[in-house]
Structures are given as structure tokens and as C-alpha cells.
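Subject: Structure for you to look at, with notes

Dear colleague,

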Amino acid sequence: MHNGKTYIVTGAASGIGAETCRVLRADGARVIGIDRHEAEDVDEMYLVDLSDKDAVVKLVADLPNDTDGLANIAGVPPTAPADVVLRVNLVGLRALTEGLVDKLADGASIVNLASLAGNGWQTGLPQVKRALALDFDSDISEFCEVEDLDSSGRSYFLGKEALLVWTFQNRWTWRDRGIRINAVSPGPVDTPILGDFAATLGKRFEENMQKLERAGTAEDIAPAVGFLLSDQSKWIRGTNLAVDGGMSAHFLSAQHGF
Ligand SMILES: NC(=O)c1ccc[n+]([C@@H]2O[C@H](COP(=O)([O-])OP(=O)(O)OC[C@H]3O[C@@H](n4cnc5c(N)ncnc54)[C@H](O)[C@@H]3O)[C@@H](O)[C@H]2O)c1
């Protein structure tokens with residue numbers, strides 16, 4: 001499925017990103033990793049802070065032309081300061097993607113790691129639109145203060161909601177070049193940041209975990225990212241693929257009474 005392809009994977013040093021690198025390489029792909037920390041299972045590595053505008057601009061200039069896909073997996077949990085959450089999970093991700101798209105090969109695939117936490121995007125749409133107006137030149141700290149994101153604990157949810165909406169919006173943006181964009185939304189996954197979600201969500205986290213027979217693992221998520229990167233998913237565009245043990249179907253069923 002991936003033989004002869006070259007993919008760029010952010011968040012390559014840990015958790016879902018590291019497992020995605022492993023899966024892609026095991027299937028014959030060449031993988032360029034991006035992270036703040038060194039990654040083990042990559043062919044080439046760029047050590048970059050994706051919350052930093054200048055670093056992202058330099059990264060875009062340094063990355064090679066004609067890669068076959070970009071998996072935006074790097075992310076910080078809700079326990080990080082709100083402005084950092086938005087910088088990494090939304091603003092930096094978009095700056096990297098929009099900067100890189102001209103350099104991607106025709107037919108390339110972009111996959112965004114969103115989350116079950118983004119499912120409420122319809123409810124929060126006005127705020128989502130305001131978040132989508134942010135870029136690196138915006139005063140992101142002021143935005144977080146005005147929107148009360150630190151004390152409300154909404155930064156992570158808002159970032160993922162906006163990421164989903166941005167994915168839907170760009171379903172056909174690069175269609176003339178065959179470039180696609182999709183999202184993968186995991187439920188709770190056993191990686192180093194699972195405890196951060198437990199700390200933020202408290203009782204809600206425990207209730208959700210009781211409904212699931214277990215937390216997901218990086219091994220549950222990486223194949224879905226690999227599929228959306230591959231040519232096998234060519235007709236899938238602007239989709240959000242839930243990989244959550246059934247949690248989103250459970251919430252929908254409860255919401256609509258079936
Ligand atoms: N673990 C879960 O329960 C869960 C659930 C839903 C979605 N997600 C999403 O999955 C993605 C991967 O998370 P994970 O669970 O594998 O966590 P993780 O902490 O294991 O991996 C995240 C990686 O992102 C990197 N990163 C963070 N900030 C960075 C920055 N400023 N610049 C460069 N790299 C940076 C980290 O160094 C780390 O290697 C994230 O986007 C997260 O929001 C995770």
C-alpha cells in the first residue's frame with residue numbers, strides 16, 4: 001500500500017505519530033519525521049517546535065519537494081496553556097500544511113489527527129469561526145483571554161473542533177492537483193497524554209472509560225492514518241474517520257434517542 005511513497009509525519013517521537021511512522025515504514029514507505037524530540041523509526045528527522053512561526057517557515061523551506069502525504073499528528077493535551085494548545089494543534093498545523101501544499105506531489109494526501117473532543121463543532125460554531133481566523137500573526141494569548149479558554153478548559157476542544165471544520169472546508173481546495181485532506185478522530189488512547197485528558201475531564205472521563213471495554217492504543221489508530229494516506233482512499237475527501245471504539249456512535253444514539 002505504501003511501497004515507494006514518501007510521507008511527512010509530525011509528532012513522530014511518541015504515541016500515535018511514532019506508531020504511524022512504524023506502520024508506514026514497515027509497509028515500504030520512506031518517512032520524514034517532525035517533532036520537538038528525536039524519533040526512532042524514521043528515515044529523516046526535523047527537530048522543530050511547531051508552535052513557532054519562524055521555525056515552521058524554515059521547516060517548509062527545508063522539506064523536500066514531491067512528498068506523497070502529510071500526517072499532522074503532533075499535538076498537546078488540554079493541560080497545556082490555552083495559547084500553546086491553539087498554536088500547536090491548530091495554527092502551526094495549518095501554517096505547515098498551507099505552506100507545504102505547493103511542494104507536495106500531485107495526488108498527495110493530508111491527514112489531520114483530530115479527536116472525539118472535536119465532535120461538538122456544530123454547537124460551538126461561532127467560536128470555531130473566530131478560532132479559524134487566527135494565524136501566527138494574531139495575538140493568540142489575547143484571543144485565549146477574551147474567549148476565557150484557560151479557565152473554561154475549552155482550548156483543546158476548540159482546537160479540534162476548528163481542525164475538523166477546516167478539514168471539511170478544504171475537501172476540494174486542491175482537487176485540481178488530486179490533493180486530498182481528511183481527519184482521523186480517536187477516542188481515548190493509551191499514550192503519554194491520556195492522564196492529561198483524565199485530569200481535565202474528571203468524572204466525564206471516568207464515565208466514558210466505563211462505557212469502553214478498554215482505552216484505544218496507538219496500534220488501533222495508526223492503520224487508519226495509513227489508509228487515508230494511501231491511494232486506496234482516493235475517493236475519500238473531507239471526511240472525519242472516527243476510530244473511537246464506538247464512542248461517537250454512542251453519543252449520536254443517545255442524542256437522537258435510538
Ligand atoms: N491520546 C489520546 O487519547 C488522543 C485522543 C484523541 C486525539 N489525540 C491526538 O493525537 C495526536 C497525537 O497524540 P498522542 O496521544 O500520540 O500524544 P503524544 O504526547 O504521545 O504525542 C504527541 C507528539 O507531539 C509532539 N509535539 C507536541 N508539541 C509539539 C510542538 N510544539 N512541536 C513539535 N512537536 C510537538 C510531542 O513531542 C509528541 O511526540 C494529538 O494531536 C492528540 O491531540 C490523542
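This is a predicted model: local features need pLDDT of at least 70, side-chain atom pairs count only at pLDDT 80 or more; totals for chains, interfaces and linings use all residues.

The chain has 11 helices and 7 strands. Its radius of gyration is 17 Å, close to the 18 Å that the globule rule gives for 258 residues, so the chain is as compact as a globular protein of that length. The C-alpha trace spans about 45 × 40 × 35 Å along its principal axes, and 52% of the 258 residues count as buried. The accessible surface comes to about 11,700 Å², with 50% of it belonging to carbon and sulfur atoms.

As for the interior, in soluble globular proteins nonpolar side chains tend to be buried together. Here the largest nonpolar core has 43 residues, and those with the most contacts inside it are I34, L50, L59, L63 and L96. The elements that give two or more residues to this core include strand 2 (30-35), helix 2 (53-62), helix 3 (82-100) and strand 5 (104-113), and helix 3 gives the most, with 7 residues. To see how such a residue is placed, you could look at L59, which, leaving aside its neighbours within four places in sequence, is in contact with I34, Y46, V48, L50 and L96. Apart from this core lies another, of 22 residues, among them A71, I73, L113 and V225.

Turning to the ligand, 31 residues surround it, and the closest are S14, D35, Y156, V189 and T191. Helix 1 (15-26), helix 7 and helix 8 (194-201) each supply at least two residues of the shell around the ligand. Taken alone, the ligand exposes 820 Å², of which the protein buries 96%.

T20 is in helix 1, and T20 counts as buried because its relative accessible area is 0%, where the cut-off is under 20%. Not counting residues up to four places away in sequence, T20 touches V9, I73, A222 and V225.

S248, for its part, is in helix 11 (residues 247-256). With 16% relative accessibility, S248 also falls under the 20% cut-off, and therefore counts as buried. The side chain of S248 makes a polar contact with the side chain of D244, at 2.6 Å, and, leaving aside neighbours within four places in sequence, S248 is in contact with L116, N119 and A242.

With best wishes

Technical notes. Residues are numbered from 1 along each chain as its sequence is written. Side-chain values use heavy atoms; hydrogens and water are left out. Helices (H or I, at least four residues) and strands (E, at least two) are DSSP runs, numbered from the N terminus. Buried means under 20% relative accessible area, exposed over 50%, partly exposed in between (1.4 Å probe, protein chains only). A polar contact is a pair of N or O atoms within 3.5 Å; within protein, one must be able to donate a hydrogen and the other to accept it, and residues adjacent in sequence count only if both atoms are side-chain atoms. Contact means heavy atoms within 4.5 Å. A nonpolar core is a set of buried Ala, Val, Leu, Ile, Met, Phe, Trp, Tyr and Cys residues joined through side-chain atoms within 4.5 Å. The radius of gyration is taken over C-alpha atoms; the globule rule is 2.2 Å times the number of residues to the power 0.38. Accessible areas come from the Shrake-Rupley method with a 1.4 Å probe; for residues, only the protein chains shown count as cover. A residue is near a molecule or strand if one of its heavy atoms lies within 4 Å of it.
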